[in-house]
Amino acid sequence: MEISVIEFHLDAKSGLSPYLQLVQQVRHALRLGMLREGDQLPTVKEVVAQLAINANTVLKAYRELEHEGLVAARPGVGTFVTATLTDTSLAAHGPLRLELRRWLAKARRAGLDDESIEALFMTTFRTAAEEDIA
Amino acid sequence: MTSVLEAHGLGKRYGRRWALRECSIDIPAGHVVGLVGPNGAGKTTLLKLASGQLEPTTGGITVLGGRPAGGRAQLAKVGFVAQDTPVYAGLSVADHLRLGARLNLRWDAAMARERIARLGLAPAQRAGKLSGGQRAQLALTLGLAKRPELLILDEPVASLDPLARREFMQGLMEATVEHEFSVVLSSHLVSDLERVCDFLIVIVDSRVQVAGETDKLLATHYRLTGPRRDPDRLPADQHVISASHTERQSTYVIRTDAPIHDPAWTVTGLSLEDLVLAYMDRRTVENRRVALEVRR
């Protein structure tokens, strides 16, 4: 058996459903370059045996990743990485972080504490996301 | 696809006490089904009815299209691991496997041997000398090597420590991928079932409160928090599961298929544990509704 490149873990307190946690961990590994094109994801059986979770949870996560065009399933062989997330998005991180820092400084000057900043960010983020859907 | 378990108006009475009543459910095949509820709610009764160890007082139950325990073929299709995963203390591990081979039509001897070896159990060891976790694994091995289409487990991990619990669930889940069978397992703890089940049945006070695919249950239940409001002023398609009120605020857990537009509510999703607790808490809804009316 081939050794998997990554190993999944679940955080019971994250509030995210297990399937989304798996999706996120693959995306995260892609962004960090830990997973590269051609790498094989752990098989469903491996993940199920390791985490003691329902097989459908893993299948759902892998389907979602497939839908996003990040992986492809080869029937009878396994699921393989077909794309990378490191190139374009990583370059944009720097300038975005700088802007965010400036905004944070502005928010503090306006008298907002950590909790207010987080609440403001999250509500704006959610509203924007909802408007995008609508 | 055929149903793995179908019940209509199923009930079981012991003397004057109903252990299970008016149970109507339909579980599609291919699921790992969690049966959750407090101790004494009727979980074991339902599982024993499904395996044919009990006869119903009312209604009917069909398992994999047949009558529970209705002949050799039916017995071969359904595995049952009883509460606290019992084994024969005086028999050795190897004796258990020989017994399994004698009693089961479709016994998978290779799988049983391989599992026992992987678990590191000595075949000559007496079952009475095994640890709780090892005994549970031996019982699971017997259930799996029977190669059932449905494996029923009654509170299999209740008496195990956290590590043994996890190892038991790992073994069970791995087997479901390898051999494609349906599972129904009960627990009084949601946390035991949360990750492994994709279908959930909540049973409280001898009645099934809710049954369905966990994804669907989570997507149709919400917690509403907002200014105090009487339950009869909620839209008709919002079914109240639990409610609590203070002088100014109301908190509801509701089930609905429709989106919630009312801007007065703060709407949040529920964890599976909160969802189950809301159903367990259900009786108090009626009581509190009375209290609310008195106050007006």
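Let's start with the interface. Chain B and chain A bury about 1200 Å² between them. Of that area, 54% is on carbon and sulfur atoms. Keep in mind that this is a predicted model. Why quote an area at all? The size of an interface is often given as the accessible area lost when the parts come together.

Now the residues. On the chain B side, 14 residues are in contact with 14 residues of chain A.

What about charges? Between chain B and chain A there are three salt bridges. Helix α6 of chain B, residues 162-179, gives the most to the side that touches chain A, with seven residues. Here is a salt bridge to look at: A:Lys45 pairs with B:Glu178. Their closest N and O atoms are 2.6 Å apart.

Polar contacts come next. The rule finds nine residue pairs in polar contact across the interface of chain B and chain A, both residues at pLDDT 80 or more.

Second topic: the surface of chain A. There is a nonpolar patch of about 610 Å². Which helices supply the patch? α4 (87-109) and α5 (114-133) of chain A each give at least two residues. The largest share comes from α5(A), with four residues.

Take one residue from that list. A:Met122 sits in helix α5 of chain A. Is A:Met122 buried, partly exposed or exposed? Its relative accessibility is 31%, so A:Met122 counts as partly exposed. The cut-offs behind that: buried is under 20%, exposed is over 50%, and partly exposed lies in between.

Key
Residues numbered from 1 in each chain as written. Chains lettered and ligands numbered in written order. Predicted model: local features only at pLDDT ≥ 70, side-chain atom pairs only at ≥ 80, totals over all residues. Heavy atoms only, no water. Patch = residues over 30% accessible without salt bridge, like charges linked within 9 Å, V, L, I, M, F, W, Y side chains within 5 Å. Areas by Shrake-Rupley, 256 points an atom, 1.4 Å probe, with all protein chains shown as cover. Salt bridge = Lys/Arg side-chain N within 4 Å of Asp/Glu carboxyl O. Buried < 20%, exposed > 50% of the residue type's maximum accessible area, 1.4 Å probe, protein only. Contact = heavy atoms within 4.5 Å. Buried area = accessible area lost by both parts, 1.4 Å probe. Polar contact = N/O pair within 3.5 Å; in protein donor to acceptor, adjacent residues only side chain to side chain.
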